[in-house]
Amino acid sequence: MPGNDDLGATSSLLVFAMAGVFEAQPGSANYIVTAPMFEKVEIRPEHGRRISIEAPGADASKLQYVSSVNTGKGTLHQSWLSHKDLLRSGTIKIDLSDKPTTWGVNAAPPAISQN
């Protein structure tokens, strides 16, 4: 990303969004699952289990929609993963569609409390 991107902060958000998991509310530790731009991405936490995000047919040049998500823990019905669930997921398989779907509708992440 050219220009000033807050010493890498903006670029890191871009990388996660392109991988298919995006922390829409910074600091919430909840990640929205989106259509990835790559067929396979691996995240290797320093002291954790490797996370593989697989999206057969993913294509950054097309508008695509999530149709289903499966993790190492089973089918994901809500549109998000907690940080703990992300780290424990192992493989996240995202099925994509070229048409809008109902996956994740009415299943938004919890709001951040404003104490």
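Author: Two strands are said to pair if DSSP finds at least two bridges between them. The strands themselves (E, at least two residues) and the helices (H or I, at least four residues) are DSSP runs, numbered from the N terminus.

Reader: And what sort of model is this?

Author: The model is predicted: local features need pLDDT of at least 70, side-chain atom pairs count only at pLDDT 80 or more, and totals for chains, interfaces and linings use all residues. Residues are numbered from 1 along each chain as its sequence is written, and side-chain values use heavy atoms, leaving out hydrogens and water.

Reader: Which residue stands opposite T71 in β6?

Author: T71 stands opposite G74 there. Three bridges join β5 to β6, and these two strands run antiparallel.

Reader: What does β5 pair with besides that, and how many bridges are involved?

Author: Five bridges join strand β5 (residues 65-71) to strand β8 (residues 91-97), again antiparallel. Y65 has S97 in β8 as its bridge partner.

Reader: In what order do the strands of that sheet come?

Author: The order is β3-β4-β8-β5-β6, five strands in an open sheet with mixed pairing. At the edges are β3 (40-43) and β6 (74-76), each of which pairs on one side only. On average, neighbouring strands of the sheet are turned by 20° against each other, direction ignored. For such angles, axes are lines fitted to C-alpha atoms, for helices over the stretch in contact, and angles run from 0 to 180 degrees between N-to-C directions.

Reader: How do β3 and β4 run, parallel or antiparallel?

Author: They run antiparallel: four bridges join β3 to strand β4 (residues 51-54). Within that pairing, V41 stands opposite I53 in β4.

Reader: Changing topic: how many helices and strands does the chain have?

Author: The chain has two helices and eight strands. Read from the N terminus, the elements run α-β-β-β-β-β-β-β-α-β.

Reader: What joins β2 to its partners?

Author: Two bridges join strand β1 (residues 21-22) to β2, which run antiparallel, with V33 in β2 as the bridge partner of V21. Three bridges join β2 to strand β7 (residues 80-82), also antiparallel; here Y31 has L81 as its bridge partner.

Reader: Which way do the β2 residues point, and are they buried or exposed?

Author: N30 and I32 point one way from β2, Y31 and V33 point the other way, and all are buried. Buried means under 20% relative accessible area and exposed over 50%, with partly exposed in between (1.4 Å probe, protein chains only). In a regular strand the side chains alternate between the two faces of the sheet.

Reader: How many aromatic pairs does the structure hold?

Author: It holds one aromatic pair. The rings of F16 and Y31 have centres 6.4 Å apart and planes at 25°, so the pair is stacked. Rings of Phe, Tyr and Trp (its six-membered ring) pair if their centres lie within 6.5 Å; planes under 30 degrees apart count as stacked, over 60 as edge-to-face and the rest as tilted.

Reader: Why does that pair tie together separate parts of the sequence?

Author: F16 lies in helix α1 (residues 9-19) and Y31 in strand β2 (residues 30-33), so the pair ties together parts that are 15 residues apart in sequence. F16 is partly exposed at a relative accessible area of 32%, whereas Y31 is buried at 10%.

Reader: And salt bridges: how many are there by the rule?

Author: A salt bridge is a side-chain nitrogen of Lys or Arg within 4 Å of a carboxyl oxygen of Asp or Glu, and by this rule the count comes to four. K93 forms one with D95, the closest N and O atoms being 2.6 Å apart. Salt bridges that share partners also join K40, E42, R44 and R50 into one network.

Reader: What are the distances from E42 to R44 and to R50?

Author: The closest N and O atoms are 2.7 Å apart for E42 and R44, and 3.4 Å apart for E42 and R50. R44 is exposed, with a relative accessible area of 65%, while R50 is partly exposed at 42%.

Reader: Finally, what percentage of the chain is buried?

Author: Of its 115 residues, 33% count as buried.
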